[in-house]
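I am going through one structure today and jotting down what I look up as I go.

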Amino acid sequence: MAVATVDLPAEVITIPDEFLGYPLESFSIPDHYRDDLEYVFLPAGMLRDRTQKLAADIFVSYPPGESITLVCVLKSGLGFFNALMAALQSLNSCPALARTRSDHDDKFGGRHLSRPLLSEFVRVSSYIDDHSTGNVQISGIEKMAGSVTGKNVILLDDMIDTGATMKHTLEAFAKLSPKSLKATTLLRKRCPGATGYIPDFLGFDIPDRFVVGFSIDYNQYFRDCEHLCVVNEVGKRKYASGRVA
């Protein structure tokens with residue numbers, strides 16, 4: 001199946017299909033995973049630096065003084081959420097930094113005042129092992145009306161592959177009548193069957209590789225690896241659903 005071509009914003013970092021990452025020996029990798037990984041795909045420092053830029057873009061997209069509610073998809077989005085929230089908090093402490101870190105036009109007359117930051121958490125599941133089941137389950141949204149209605153909401157997840165799960169989740173949140181509703185993901189995967197959906201704030205556009213780390217898991221494993229890595233066939237078999245005690 002062909003991968004659909006989409007036009008991405010210029011600031012999105014596109015990783016080419018032929019990219020083969022970095023040797024595991026060049027980074028600190030937990031010993032219990034060394035035999036299960038092919039290579040480091042994106043180092044933690046690069047992930048955090050790109051997240052700081054996304055934070056600046058988000059910051060200047062909302063009027064000064066208006067709150068921003070980040071809704072984190074658990075558990076895979078937690079690493080990205082923590083890094084993004086820390087970067088936004090730094091901008092609140094020194095709002096003028098957003099002017100130097102974002103290429104977006106200043107829509108608010110140079111008034112770089114702080115924005116209240118709120119957070120919520122939701123569980124969205126559609127995966128077994130390394131493939132999507134197509135059945136999207138959302139847990140926790142039924143209790144969020146008071147936190148979402150009339151608010152500026154950004155749905156945050158680690159990665160988009162086909163885009164179907166994100167679109168389904170956004171539709172569910174739209175029913176709660178937020179003031180505005182946007183999405184941000186650290187990664188967008190170029191994979192067969194993709195809908196072509198692009199989030200409002202995107203970090204990297206990557207080839208169709210099964211990546212883990214930076215809180216992205218494979219059946220709950222690899223969250224404790226701080227770099228984004230590619231799982232090898234040994235790792236896929238070892239941690240397949242139902243095979244790990």
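**Burial and surface.** I began with burial: of the 245 residues of the protein, 48% count as buried. I kept in mind that this is a predicted model. For the accessible surface I got about 11,500 Å², with 50% of that belonging to carbon and sulfur atoms.

**Layout.** Next I listed the secondary structure, and the protein has six helices and ten strands. I also looked at how far apart in sequence the contacting residues are. Among contacts with a separation of 6 or more, 70% are between residues 24 or more positions apart.

**Main core.** Which residues have the most contacts inside the largest nonpolar core? I found Phe 41, Leu 84 and Leu 187, in a core of 37 residues. I then noted the elements that give two or more residues to this core: the helices α1 (44–59) and α2 (78–93), together with the strands β2 (37–42), β3 (68–74), β6 (152–160), β7 (180–189), β8 (201–206) and β10 (228–231). The most comes from α2, which gives eight residues. I reminded myself that in soluble globular proteins nonpolar side chains tend to be buried together.

**Strand β3.** Leu 70 took me on to strand pairing, where I saw that Leu 70 stands opposite Ile 154 in β6. Four bridges pair β3 with β6 in the parallel sense. I would call β3 largely enclosed by the rest of the structure, because six of its seven residues are buried.

**Strand β8.** I checked cover here too: six of the six residues of β8 are buried, so I wrote it down as mostly covered. What does β8 pair with through five bridges? That is β7, and the two run parallel. Strand β1 (residues 13–14) is also joined to β8, by two bridges and again in parallel.

**Cysteines.** I searched the whole structure for disulfides and found zero. For a disulfide the two sulfurs would have to be within 2.5 Å. Cys 225 counts as buried, at 0% relative accessibility, and Cys 229 likewise counts as buried at 0%.

**Aromatic rings.** My search of the whole structure turned up nine aromatic pairs. One of them is Tyr 33 with Tyr 239: the ring centres are 6.2 Å apart and the planes stand at 75 degrees, so I logged the pair as edge-to-face. This pair links distant parts of the chain, with Tyr 33 in the loop between β1 and β2 and Tyr 239 in the segment after α6 (233–238), 206 residues apart. Are these two buried or exposed? Tyr 33 is buried at 3% relative accessibility, and Tyr 239 is buried with a relative accessible area of 8%. I also traced a cluster in which ring pairs link Phe 19, Tyr 22, Phe 27 and Phe 41. Phe 41 was already in my notes, as one of the residues with the most contacts inside the largest nonpolar core.

Terms used: Residues numbered from 1 in each chain as written. Predicted model: local features only at pLDDT ≥ 70, side-chain atom pairs only at ≥ 80, totals over all residues. Heavy atoms only, no water. Core = buried A, V, L, I, M, F, W, Y, C linked by side-chain atoms within 4.5 Å. Buried < 20%, exposed > 50% of the residue type's maximum accessible area, 1.4 Å probe, protein only. Contact = heavy atoms within 4.5 Å. Areas by Shrake-Rupley, 256 points an atom, 1.4 Å probe, with all protein chains shown as cover. Pairing = 2+ DSSP bridges. Phe/Tyr/Trp six-rings, centres within 6.5 Å; stacked < 30°, edge-to-face > 60°.
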